[in-house]
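Please walk through this structure one element at a time. Keep the sequence beside the 3D view while you read.

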Amino acid sequence: GPEVVDVLRDVLPRGLDGRPAGVPVPPSPRGRRRAARRALTRHIMDPLLERSEANRRCFDCQTPCHEHPWISVQHGIVLCINCAGSHRALGVSVSFVRSLKLDRVAAKELAYFDHGGNAAMALFVESNGGLRTWRALSTEARYYSPVADLYRRRLEVRTLGGSDLPNDLRVVTPPKSLTVPALQPKRAAKWTPDSTASRCEICTKKFTILRRRHHCRRCGRCVCEHCSPRECFRPIPPVVKPCRHCTKCVAVPGESFDPRFSNAAS
């Protein structure tokens, strides 16, 4: 009866505000404002994410990420949470990442994505060196490359309403904190015999009649066609003719054969 309820109210522990345990605390005005801003961000971004199928996948690794999308503001692209972590290491001056579910995204930051998008950057990279070559590089080599710097500058001009788009490639020097660990030591050249290689030494996919064996002429790995595409072919001095390289050997920052992806050759 009512007497039992009164007794339980006195016995149940109470919070600092005198509210009985188990009773939810209403959000503060500040919390309600944050929730409203996140809801507005999703209301604006959802149509942009649905505008292109490419925006439903991470630009870097192609993993579906439409349920928990992150964006790189300067590039106007969608990323998964893992690649967003890699972008954070690049520095906010190169790639400022925001979560569309957890962070408050400003209108100016959303404008970058409205003028960009995954498909737009993919088209730009494809016409300036090739997308497969781009994805063969490490994250540091990709976004500190002249072609990525040019795309960032062009996207900024379009977002701010300018019409004089830059076309010059320039050298981008990464900070020392990135250049030291990024220069991974090469594997010593060791030819892997076909008889001992049942799987690709990079993607570990099994070799079949259709997935044939190939060898990287620099490290000697036995790899598949996907892990040693024609875009990765380059010469080994003193031989001038380009020969097969695997994506591991091409991915060493500063050693790309295409000057648009290499600061050293710019």
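## Helix H5 and its buried face

Five residues of H5 are named as buried in this predicted model: Asn-118, Met-121, Ala-122, Phe-124 and Val-125. Viewed along the H5 axis, these buried residues fall within an arc of 160°, so they line one face of the helix. An α-helix has 3.6 residues a turn, so residues three or four places apart point the same way.

What covers this buried set? The cover includes strand E2, helix H6 (131-135), and helices H7 and H8.

## The aromatic pair

The structure holds 1 aromatic pair. Its members are Phe-124 and Tyr-151, with ring centres 5.2 Å apart and planes at 50°, so the pair is tilted. Phe-124 sits in H5 (residues 118-126) and Tyr-151 in H8 (residues 146-159), so the pair ties together parts that are 27 residues apart in sequence. Both Phe-124 and Tyr-151 are buried.

Arg-230 lies over the face of Phe-233, at 5.0 Å from the ring centre.

## The three-strand sheet

Three strands form an open sheet in the order E2-E1-E3, and the pairing is antiparallel. Strands E2 (77-79) and E3 (97-99) stand at the edges with a single partner strand each, so one side of each has no neighbour in the sheet. Neighbouring strands here are turned by 35° against each other on average, direction ignored.

Strands of a sheet pair through backbone hydrogen bonds, either parallel or antiparallel. Strand E1 (residues 70-72) pairs with E2 in the antiparallel sense, over 3 bridges. Which residue of E2 is the bridge partner of Ile-71? The partner is Val-78.

Trp-70 lies in strand E1. Is Trp-70 buried or exposed? Its relative accessible area is 11%, under the 20% cut-off, so Trp-70 counts as buried. Leaving aside neighbours within four places in sequence, Trp-70 has contacts that include Ile-77, Val-78 and Leu-79, as well as Val-97, Arg-98 and Ser-99. Ala-84 and Arg-88 are also among the contacts of Trp-70. The C-alpha atoms of Trp-70 and Asn-82 are 9.7 Å apart, while the two residues are 12 apart in sequence.

Ser-99 lies in strand E3. Ser-99 is buried as well, with a relative accessible area of 3%. Beyond its neighbours within four places in sequence, Ser-99 is in contact with Pro-69, Trp-70 and Val-105.

## Helix H3 across the sheet

Helix H3 (residues 81-88) lies across E1, E2 and E3, and runs at about 110° to E2. Its buried residues are Cys-83, Ala-84 and His-87. Down the H3 axis they fall within an arc of 105°, so they line one face of the helix.

What covers the buried residues of H3? The cover includes E1, E2, E3 and helix H7 (139-143). The face of H3 turned away from the buried side carries the exposed residues Ile-81, Asn-82 and Arg-88.

## Two loop residues with positive phi

Gln-62 is not a glycine, yet its phi is positive, at about 65°. Gln-62 lies in the loop between helix H2 (29-51) and E1. Its relative accessibility is 34%, so Gln-62 counts as partly exposed.

Thr-204 also has a positive phi of about 65° without being a glycine. Thr-204 lies in the loop between helix H9 (176-182) and strand E4 (214-215). With a relative accessible area of 49%, Thr-204 is partly exposed.

## The chain as a whole

The chain has 10 helices and 5 strands. Of its 266 residues, 40% count as buried. Among contacts between residues at least 6 apart in sequence, 54% join residues at least 24 apart.

Methods. Residues numbered from 1 in each chain as written. Predicted model: local features only at pLDDT ≥ 70, side-chain atom pairs only at ≥ 80, totals over all residues. Heavy atoms only, no water. Pairing = 2+ DSSP bridges. Helix = DSSP H or I, 4+ residues; strand = E, 2+ residues; numbered from the N terminus. Axes fitted to C-alpha atoms, helices over the stretch in contact; angles between N-to-C directions. Contact = heavy atoms within 4.5 Å. Phe/Tyr/Trp six-rings, centres within 6.5 Å; stacked < 30°, edge-to-face > 60°. Buried < 20%, exposed > 50% of the residue type's maximum accessible area, 1.4 Å probe, protein only. Lys NZ or Arg CZ within 6 Å of the ring centre and 35° of its normal. Arc of directions from axis to C-beta.
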